[in-house]
Amino acid sequence: MKHFGNKLAVITGAGTGIGRELALALAREGADLALCDVIDANLTETLALCEAEAAQGRRMTTHHCDVSDEASVEAFRDAVREAHETDHIHLLFNNAGIGGVTSFVDGSRELWERTFNTCWFGVYYCSRAFMPMLVAADEGHIVNTSSVNGFWASLGKGREHTAYSSAKFAVKGFSEALIEDLALHAPHIKLSLVMPGHIGTRIVANTISLVAGVQVDEALVDAFEQTAPTSAAQAAEVILEGVRQEQWRILIGEDAKRLDEMVRADPEGAYSEAFYRRLLSEGVFDTLIQPIETS
């Protein structure tokens with residue numbers, strides 16, 4: 001799929017961050033859009049931005065959807081079919097996700113599963129729901145967003161990260177397994193697995209709002225966004241170019257590429273203190289990894 005004009009793209013988590021930037025980029029290229037999010041105000045803002053960029057005559061719809069709930073996802077699919085008067089879509093971006101730092105051992109099960117269900121079941125439910133509509137198209141592409149935490153399950157010493165990492169590992173494994181499945185049963189559908197490093201998005205704010213239900217510390221949110229080596233707009237550009245080139249594996253950011261190299265070179269030592277020290281000394285994720293106390 002070299003061009004996106006006149007294609008129908010479904011994007012989850014389109015209210016902010018990479019999802020919003022994907023929507024904007026596709027709007028500029030003349031695509032029709034079906035956008036969903038669980039935060040309606042963010043989604044309304046995304047739609048206004050897209051309408052300002054899009055060519056006349058393009059159809060863009062927004063839908064409230066909690067991707068962690070299968071009934072909500074199926075209602076979203078049905079609404080897309082009705083609103084766009086179609087039996088097919090061309091692009092499915094399984095982008096929605098939230099963070100979450102809570103222990104599997106002694107943390108809140110509710111919070112743990114909220115993160116896991118959004119980041120994993122959101123991909124699974126949407127892929128299930130929209131697969132017949134992708135099959136019905138003349139060409140299609142699925143883009144599943146995992147993370148560097150889909151191959152390295154940590155944020156550093158002293159930080160539990162099981163829910164998010166487990167979900168992102170599941171997304172990675174599912175996506176890799178789908179490659180051959182699609183080749184056998186729907187060869188006109190391609191797939192890309194996206195593994196971003198530190199991207200400047202609102203994931204911290206969205207997570208705090210949705211999961212913790214407390215007031216957002218804008219200073220923390222700003223720090224996460226402003227210290228990111230890659231912007232959401234840059235990430236969207238890389239993803240869409242990867243779709244054009246039919247890349248199945250898309251690493252975003254030099255930090256992601258370097259971490260991938262380091263884990264592959266020393267998988268046994270990937271969770272050792274020496275490995276963390278190397279990450280810090282090389283400046284890989286230096287804004288995310290908690291510094292190790294020295295004695």
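## Helices across the sheet

Helix α5 (residues 162–185) lies across β5 (140–145) and β6 (189–196) and runs at about 155 degrees to β6. Here, lying across rests on contact, meaning heavy atoms within 4.5 Å; axes are lines fitted to C-alpha atoms, for helices over the stretch in contact, and angles run from 0 to 180 degrees between N-to-C directions. Helices (H or I, at least four residues) and strands (E, at least two) are DSSP runs, numbered from the N terminus. Helix α2 (residues 40–53) lies across β2 and β3, with an angle of about 175 degrees to β3.

The structure is a predicted model, in which local features need pLDDT of at least 70 and side-chain atom pairs count only at pLDDT 80 or more, while totals for chains, interfaces and linings use all residues. Residues are numbered from 1 along each chain as its sequence is written, and side-chain values use heavy atoms, with hydrogens and water left out.

## Overall composition

The secondary structure of the protein comes to ten helices and nine strands. Of the 295 residues, 53% are buried, where buried means under 20% relative accessible area, exposed over 50% and partly exposed in between (1.4 Å probe, protein chains only). Among contacts with a separation of 6 or more, 72% involve residues 24 or more positions apart.

## The parallel sheet

Seven strands form an open sheet in the order β3-β2-β1-β4-β5-β6-β9, with parallel pairing; two strands pair if DSSP finds at least two bridges between them. The edges are held by β3 (60–64) and β9 (249–252), each with a single partner strand, so one side of each is left without a neighbour in the sheet. Neighbouring strands of this sheet are turned by 15 degrees against each other on average, direction ignored.

Strand β1 (residues 8–11) pairs with β2 (residues 32–37) in the parallel sense over four bridges, and I11 has L35 as its bridge partner in β2. Four bridges also join β4 to β5, which run parallel; here the bridge partner of L92 in β5 is I142. Six of the six residues of β5 are buried, so this strand is largely enclosed by the rest of the structure. In a regular strand the side chains alternate between the two faces of the sheet. In β5, G140, I142 and N144 point one way and H141, V143 and T145 the other way, and all are buried.

## The nonpolar core

The largest nonpolar core has 33 residues, and those with the most contacts inside it are I11, L22, L26, L33, L91, F93 and I239. Such a core is a set of buried Ala, Val, Leu, Ile, Met, Phe, Trp, Tyr and Cys residues joined through side-chain atoms within 4.5 Å. The elements that give two or more residues to this core are β1, α1 (17–28), β2, α2, β4, α8 (232–244) and β9. The largest share, seven residues, comes from α1. Leaving aside its neighbours within four places in sequence, L22 is in contact with I11, F93, A236, I239 and L240.

## Aromatic pairs

Rings of Phe, Tyr and Trp (its six-membered ring) pair if their centres lie within 6.5 Å; planes under 30 degrees apart count as stacked, over 60 as edge-to-face and the rest as tilted. By this rule the count comes to 13 aromatic pairs. One of them, between Y124 and Y125, is tilted, at 5.8 Å centre to centre and 55 degrees between the planes. Y124 counts as partly exposed at 25% relative accessibility, whereas Y125 counts as buried at 15%. Ring pairs link F104, W112, F116, W120, F121, Y124, Y125 and F174 into a cluster.

## The loop at S103

S103 lies in the loop between β4 (91–94) and α4 (109–135) and is buried, with a relative accessible area of 13%. A polar atom of the S103 side chain lies 2.9 Å from the backbone nitrogen of V105; a polar contact is a pair of N or O atoms within 3.5 Å, and within protein one must be able to donate a hydrogen and the other to accept it, while residues adjacent in sequence count only if both atoms are side-chain atoms. Leaving aside its neighbours within four places in sequence, S103 is in contact with S108, W112 and E160.

K2 is placed in the segment before β1. K2 and Q245 are 243 residues apart in sequence and 7.6 Å apart in space, C-alpha to C-alpha. The side chain of K2 reaches the backbone oxygen of R244 at 2.7 Å.

Most residues other than glycine have a negative phi. N6, also in the segment before β1, has a positive phi near 65 degrees and counts as exposed at 56% relative accessibility. E85, in the loop between α3 (70–83) and β4, has a positive phi of about 50 degrees and is exposed, with a relative accessible area of 64%.
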